[in-house]
Amino acid sequence: MKARNKFLFGGVLVLGTAGYLMASSIDETATYYLTPAELASKVSDNPRFVNTGVKVGARVVSGTIVREPSGRSLTFKMTDGTKTYDVQYRGIAPDTFTDGVDVVVEGRLDANGTFQATTLLAKCASRYENAPEKYKDTPGYKQGTSATPRA
């Protein structure tokens, strides 16, 4: 076998192995979040799914946020409209975390059915939208102006 053919064969072997390892690791490292109903379904199908790390996307149930006086811990309920879970989170909540906001929590569902969150992310879909009409009369609210150059 010529040296050039050996080099090409070795290169194809290395690239093939690297490609296989990358493709097979995607399934292992890809993370997505479940809804509370999907989480409940997984737990009912396999009770050993309890205490498995997952991400859950849901909406905070209005009026359920209870903050500890220290500000380092809070509890609330999350729902997707079908299933509701109690959530305990230790840490500082994001500024956008309020009643009715969409959240993604990462953690584990304990044996009591409470989700023990280690990460709390609050989505804010309205962050970059115009202020609602009801705020037009609020002191300090200023109507946006167009960016037309002045002559």
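**Notes on the predicted model**

1. Asp102 has a relative accessibility of 27%, so this residue counts as partly exposed. Asp102 forms a salt bridge with Arg59, and the closest N and O atoms of the two are 2.8 Å apart. The pair ties together distant parts of the chain, since Arg59 belongs to strand 2 and Asp102 to strand 6, 43 residues apart. Arg59, with a relative accessible area of 43%, is likewise partly exposed.

2. The structure is a predicted model, and a search of the whole of it finds two salt bridges. One of them joins Asp86 and Lys77, whose closest N and O atoms are 2.5 Å apart. Asp86 has a relative accessible area of 34% and is partly exposed. Lys77 is also partly exposed, at 32% relative accessibility. As a general point, side chains of opposite charge can pair when their charged atoms come close.

3. Lys77 is also one of the residues in contact with Thr64; leaving aside neighbours within four places in sequence, the others are Thr75, Phe76 and Asp99. Thr64 sits in the loop between strand 2 (54-60) and strand 3 (66-67). Is Thr64 buried or exposed? Its relative accessibility is 16%, and because buried means under 20%, Thr64 counts as buried. A polar atom of the Thr64 side chain lies 2.6 Å from the backbone oxygen of Val61.

4. Helix 2 covers residues 36-45, and its residues Pro36, Leu39 and Val43 are buried. These three span an arc of only 60° around the axis, which means that they lie on the same side of helix 2. In an α-helix there are 3.6 residues a turn, so residues three or four places apart point the same way. Ser44 and Asp45, on the other side of helix 2, are exposed.

5. What covers the buried residues of helix 2? The cover includes strand 1 (33-34), strand 2, strand 4 (73-79), strand 5 (84-90), strand 6 (102-109) and strand 7 (114-122).

6. On confidence, the chain has a mean pLDDT of 81, with 79% of its residues at 70 or more. Over residues 143-151 pLDDT stays under 50, and for this stretch the model has one contact beyond four places in sequence. Where pLDDT is low, the predicted coordinates should not be read in detail.

Conventions: Residues are numbered from 1 along each chain as its sequence is written. This is a predicted model: local features need pLDDT of at least 70, side-chain atom pairs count only at pLDDT 80 or more; totals for chains, interfaces and linings use all residues. Side-chain values use heavy atoms; hydrogens and water are left out. Helices (H or I, at least four residues) and strands (E, at least two) are DSSP runs, numbered from the N terminus. Buried means under 20% relative accessible area, exposed over 50%, partly exposed in between (1.4 Å probe, protein chains only). A polar contact is a pair of N or O atoms within 3.5 Å; within protein, one must be able to donate a hydrogen and the other to accept it, and residues adjacent in sequence count only if both atoms are side-chain atoms. Contact means heavy atoms within 4.5 Å. The arc is that of the directions from the helix axis to the C-beta atoms. pLDDT is the predictor's confidence in each residue, from 0 to 100. A salt bridge is a side-chain nitrogen of Lys or Arg within 4 Å of a carboxyl oxygen of Asp or Glu.
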